Amino acid sequence: MAQSNLGGDPLTNRVDRRVIHRALVVLVVAAAAFFLLTAMGSPALADTAIASSHASAAAGDASATATQTISIHAEAADATTAPGDNRVIQQLVNGLVFGLLLALASVGLSLIYGTTGLSNFAHGEQVSLGALLCFFFTTQQPVSLPLIPVEFTIGWPLVPSAIAAVAVAAGTGWLQDRFLWSPLRRRRVSIVQQMIVSIGLSLALVNFIQWWFGAERQRLTTSIDTRLDLGMFSIGQSTLWSLLISLLCLGGVAFFLMRTRTGRATRAVSDNPSLASASGIRVDKVVRLVWVLATGLAAVGGILLALYDNAAAFDVGARLLLLMFAAVTLGGLGHPFGALVGSLVIGVAVEMSTLWVGTDLKYAVALGILILVLLVRPQGILGRAERVG
Amino acid sequence: MDILLDSINEMIAPATAAFALAAIGLNFHFGLTGLLNMGHAGFMLLGMYGYAISTSRGAPIWLALIIAIVVAALFGLLLGWPTLKLRGDYLAIATISAAELIRYLGRSNSLQSLTGGSTGIRGNDFKFTFEELSPLPDENITFLFWTRHGSLSSSWWLVIVSWAAVALFALLYWQLARSPWGRVLKGIREDEDAVRALGKNVYSYKMQALVLGGVIGALGGVLWALGNSVQPDSMGRPTTFWIWTLLLLGGAATVFGPIIGSMVFWMALVAVKGIAGALIPTSVLSPVEIEPFSLVLVGITLMCLVVFRPQGILGNKRELAFND
């Protein structure tokens, strides 16, 4: 599957030269526009504009190969020499952590796309739902359910609440597929229609979550994370636990996909649903399982990200959704391992970009990468070269 | 009674007209050509910025409008160039990202002096050229049950101008949709390969539709800004999704669909908020919860519309852009 395409056939892997020219022109125009705007905005900021367009160019190159990213960024850092060595490494570590946590959410998105062909715009809300459900179970404040005017306190410890939250979130995945997506598939509703349904679902869910948990940022835990100083960089103790959990989950998914019978069936459905169905695989069962797995993983990602960021609000998932799409597209739509690689690249690019551009623009960098990937290699790093238009 | 009057007031409000105009633009994309533009709010935001920034730096109103149009057209060209050759959902992801990119740039601190950062541009800085043109008296005017100012902000003057613009562009849509040009676009929507086989340059036609619809969206954004202010976060993804909902509600690929859709959408939203506020006790649904509650209903409406009545109120089931 995924790996067999890595080396690839030289004909299909070669990027069309015209496409590269097109990408370069768009990049130059965008950089020039940004530079012009900044220059118009304030002459004093012109210098930083050069640096930032420089950085976005470097970030753009990063989309070409995962491995070169680091070296390009390091070179760019040497060129500007503004940030110290430690900050570069610190941001690199932060980026890898963020990328690994993001991967939990994007792997699910990619699995859903692979098995059903649906770009699920409501996946971001599953991330926020996981985080806020965990808050719901763990907080010491009184909580209530929407439309029911009774307040009560649950206040479980963090770990059982997290497990309960993941279970409930995975349950919503089961419910969604049982009562929404599988009837739509049976009615042969087209993929485009299903995509707009998922947009409606995302609009409904994000507002439902806001209605339920309020618009404030909620903290999952009040304890302060002790930071371990490891010489070149420092990292929080609970972040290390998060990393471990994230790696275990991703390892579990990889083991499931590569080694178990059901996992092989999932990959078969991903490859060709009709053929899989004809060879005796129950496609609907597999898809249902994928929905449960994807929503559960998204909830794990949401909880860990909320711990990493110290707090979560109702719109955290909506803001991450486009980063997930960027990661999934970069790795190759429908390839779970591509989603992992893509997430790491996006995570590193997002965090490293704060060395040159303001933190309020760090997500913009990821979206820039996404657009560049669509220009140069729409099938992504691991994707098969196929006609996509 | 108050709820009814408020709803009707919302129906004729300039913001409703602005959304109707933006939806006419989206109708060129989706209804006529079948393009999945999920970043329409980006076009609106660019139009707003183009108009407001140039006006606040002393440009006359005609120049400001031209700048808004040019900026949106350039954005359309830049966006369409790489993406129009890709499959539908790639275009959706690319447009939504590009629109968010515009919003992030607009609200970033590095462009603070130009775009005003996340607080945006105050109405007083760019509305005066439009308000000076008003022939109406400079005072509150009551017409039947509704009172608005004659020429300031969300005024009767803006009501007249914006609905006139909506009528004009609806007429344009009607004429273009039945022209040979419009028939090619409909052909692309139905079967791209067939049109290509007839020797038409599909890419170029799609690009023309994208740019034209985007420019109309930008003008909708200008109208919206004239009634409110330029605020990047008001033009985020939800705005795009609302435009989609009201377009599908009224009926895509129809002349009056966007207009009816916008009127019904905003009227229903105000009515639902009013009724929910009046009937449901505050212990069950507190005032701060009414807004998200009504938007949950919007989301559910969008889902149900797409599944059960994709042609909307006015549409024709045979003329649907959902063919994959």
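With which residue does Arg107(B) form a salt bridge, and how far apart are the closest N and O atoms? In the predicted model described here, the partner of Arg107(B) is Asp233(B), and the closest N and O atoms of the two residues lie 2.7 Å apart. This pair links distant parts of the chain, since Arg107(B) belongs to helix H5 (residues 88-107) of chain B, whereas Asp233(B) is placed in the loop between helix H11 (202-227) and helix H12 (237-250) of chain B, 126 residues away. Arg107(B) is partly exposed, because its relative accessibility is 28%, and Asp233(B), with a relative accessible area of 35%, is likewise assigned to the partly exposed class.

The side chains of Asp193(B) and Arg196(B) meet in a salt bridge with an N to O distance of 3.1 Å. These two residues are separated by about one helical turn, because they stand three residues apart in helix H10 (residues 192-197) of chain B; Arg196(B) counts as partly exposed at 37% relative accessibility. Salt bridges that share partners also join Glu100(B), Arg103(B), Arg107(B), Asp233(B) and Arg237(B) into one network. In the other example, a salt bridge connects the side chains of Arg122(B) and Asp125(B), at 3.2 Å from N to O. Here Arg122(B) is exposed, with a relative accessibility of 54%, while Asp125(B) is partly exposed, with a relative accessible area of 28%.

Helix H5(B) also takes part in a helix packing arrangement, in which its axis and that of helix H3 (residues 40-56) of chain B come within 8 Å and cross at roughly 35°. On the side of H3(B), the contact is made by Gly42(B), Leu45(B), Leu46(B) and Tyr49(B), and on the side of H5(B) by Ala99(B), Ile102(B), Arg103(B), Gly106(B) and Arg107(B). Classified by residue type, the contact of H3(B) with H5(B) comprises five nonpolar, two polar and two charged residues.

Between the two chains, 58 residues of chain A are in contact with 54 residues of chain B. The area buried between chain A and chain B is about 5200 Å², and carbon and sulfur atoms give 74% of that area. The count of salt bridges between chain A and chain B is zero, whereas four residue pairs are in polar contact, both residues of each pair being at pLDDT 80 or more. On the side of chain A that touches chain B, at least two residues each are supplied by helix H3 (17-41), helix H8 (158-186), helix H9 (191-213), helix H14 (316-331) and helix H16 (362-376) of chain A. Of the elements on this side of chain A, H9(A) gives the most, with 16 residues, and the residues of this side divide into 39 nonpolar, 14 polar and five charged.

Within chain A, Thr295(A) has its place in helix H13 (residues 283-309). Thr295(A) is buried, because its relative accessibility is 1%, against a limit of 20% for this class. The side chain of Thr295(A) reaches the backbone oxygen of Trp291(A) at 2.7 Å. When residues up to four places away in sequence are not counted, Thr295(A) touches Gln126(A), Ala169(A), Ala170(A) and Gly173(A).

Conventions. Residues are numbered from 1 along each chain as its sequence is written. Chains are lettered from A and ligands numbered from 1 in the order in which they are written. This is a predicted model: local features need pLDDT of at least 70, side-chain atom pairs count only at pLDDT 80 or more; totals for chains, interfaces and linings use all residues. Side-chain values use heavy atoms; hydrogens and water are left out. A salt bridge is a side-chain nitrogen of Lys or Arg within 4 Å of a carboxyl oxygen of Asp or Glu. Helices (H or I, at least four residues) and strands (E, at least two) are DSSP runs, numbered from the N terminus. Buried means under 20% relative accessible area, exposed over 50%, partly exposed in between (1.4 Å probe, protein chains only). Axes are lines fitted to C-alpha atoms, for helices over the stretch in contact, and angles run from 0 to 180 degrees between N-to-C directions. Contact means heavy atoms within 4.5 Å. Ala, Val, Leu, Ile, Met, Phe, Trp, Tyr, Cys and Pro count as nonpolar, Asp, Glu, Lys and Arg as charged, and the others, Gly among them, as polar. Buried area is the accessible area (1.4 Å probe) that two parts lose on being put together, summed over both. A polar contact is a pair of N or O atoms within 3.5 Å; within protein, one must be able to donate a hydrogen and the other to accept it, and residues adjacent in sequence count only if both atoms are side-chain atoms.
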